[in-house]
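Dear colleague,

Please find below the structure that I am handing over to you, together with its sequence.

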Amino acid sequence: MAGFDFETRLRLALREAAEREAERGRAGRAKARGRSTLVVTRRSFVPATAAVLATLLALAVAMALLTSSGSEREALHPPEVVARFALGDSLGGTVGAYGSVWVADTGPDRLLRVDPDTRRVTVRLPVEGDVAMASAGETLWALNEGAPGPATDFRDLLLRIDPRSNEVAARLPLRTPSGADLGGVDLAADRDSLWILGTTASWHNDDRLGVMRLAPQAARATVAFALPGGWGRVGIALRSDGLWAITADDRLLRYDAHTGEKLSESQLDLPVSRRDREPAPGHLQFAGDTLITSTPGGLVGIDPDAGRVVWRRHLGGAVDAWTEAGGLVWAAVSPQGPDRLVAVDPRDGRVATSTGLDSFGAAGIASVGDQLWITTAGGEAIVLQR
């Protein structure tokens, strides 16, 4: 209605301007009777045309502004909770891959494959505790997650799962090229490289985490090295231009994904926080061209090429898990009260929408089609329609 009123006023102004110029032309002709009709017409037509064109230009600009403002992204409606049900004893890592939701049920030590349409468990695979997962090609890689126990026991297994046969095709011990056992806490994978974030006995004694590369086809370790910065909040992410890592002392590093050669290093201006006693993996992912990491109380967007923080967004609580879907970052946040789901634009950190989950202890989040699945430590699954 406001746009209609504005347009109406402009049209009235246009008509009034034309009438004024017509009257001005008649007065000019009466005053200059001895001049040729052509000259009088020219002198009266030019200013009238200029005024009319100027008003038309103003009208066009105004209509363009009205049109452009209407074409901006409309306010996003909060996603709707369409299902809420008990799925397991205590749920953990959750990913969407191969048309299914894969959820670690840490109580009975099993990995569940869930059909998102029927919401029924179709496969149960034996695992040990929580797992971190990454899909690449025709393989779902699953890694036992969490800090290692005794400083002498780092014998974790990497599972190669075939989603076509629903079988564990291989259980691979994690060993560095030198033969040292490695306890994994996170992983990143594509068709050409598989990188494990973890620690060995020697790295652990020095309070350090490191990374190890495996060739996916042979699942053989080719490179392993400790990361700088000490023990704490560390994350890795894999992209076509290399392996990216954020260290506990807030350095952003990029390595060649095949050789492990360091390609770049920059210091990030991240919010000050206490150093974590245990590693906090899985908090570094790409959303479009932006590298996202969680910080105490919110999220941060990083331009990886420039090596600098481009936005910070405080969300009022710990970010338990997040994923990218539909061009937005969807974060499960634990404020003082029930958890909330918050959608953030990865380009500028703007909050697009949010909704209450009426639950506590979000442990994982996955995107499957136009649905978001949130799992909790209490064994509940919450399904939202975007």
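Predicted model: local features only at pLDDT ≥ 70, side-chain atom pairs only at ≥ 80, totals over all residues.

Residues are numbered from 1 along each chain as its sequence is written, and side-chain values use heavy atoms, with hydrogens and water left out.

**Sheet β2 to β5**

Strands here are DSSP runs of E with at least two residues, numbered from the N terminus (helices are runs of H or I with at least four). Two strands are taken as paired if DSSP finds at least two bridges between them. On that basis, β2, β3, β4 and β5 form, in that order, an open sheet of 4 strands with antiparallel pairing. The edges are held by β2 (91-97) and β5 (121-126); each has a single partner strand, so one side of each is left without a neighbour in the sheet. On average, neighbouring strands of this sheet are turned by 20° against each other, direction ignored. The axes behind this angle are lines fitted to C-alpha atoms (for helices over the stretch in contact), and angles run from 0 to 180 degrees between N-to-C directions.

Within this sheet, β3 (residues 100-105) and β4 (residues 110-114) run antiparallel and are joined by 5 bridges. W102 has R113 in β4 as its bridge partner.

**Sheet β18 to β21**

Another open sheet of 4 strands has the order β18-β19-β20-β21, with antiparallel pairing. Its edge strands are β18 and β21 (308-314), each with a single partner strand, so one side of each lacks a neighbour in the sheet. Between β18 and β19 (residues 290-295), 4 bridges make up the antiparallel pairing. Opposite A287 stands T290 in β19.

**P271**

Which loop holds P271? P271 is found in the loop between β17 (262-267) and β18 (284-287). Its relative accessibility is 29%, so P271 counts as partly exposed (buried means under 20% relative accessible area, exposed over 50%, and partly exposed in between, with a 1.4 Å probe and protein chains only). Leaving aside residues up to four places away in sequence, P271 touches T295, V300 and R312, where contact means heavy atoms within 4.5 Å. P271 and T295 are 24 residues apart along the chain, and their C-alpha atoms are separated by 7.1 Å.

**Salt bridges**

Side chains of opposite charge can pair when their charged atoms come close. A salt bridge is defined here as a side-chain nitrogen of Lys or Arg within 4 Å of a carboxyl oxygen of Asp or Glu. By this rule the model has 13 salt bridges.

One of them joins the side chains of D105 and R110, at 3.4 Å from N to O. D105 is buried, at 0% relative accessibility, whereas R110 is partly exposed at 26%.

R175 and D181 form another salt bridge, with the closest N and O atoms 3.3 Å apart. R175 is partly exposed at 43% relative accessibility, and D181 is partly exposed at 26%.

In the salt bridge between R239 and D305, the closest N and O atoms are 3.8 Å apart. This pair links distant parts of the chain, 66 residues apart: R239 belongs to strand β14 (residues 235-239), and D305 to the loop between β20 (298-303) and β21. D305 counts as exposed, with 64% relative accessibility.

With kind regards
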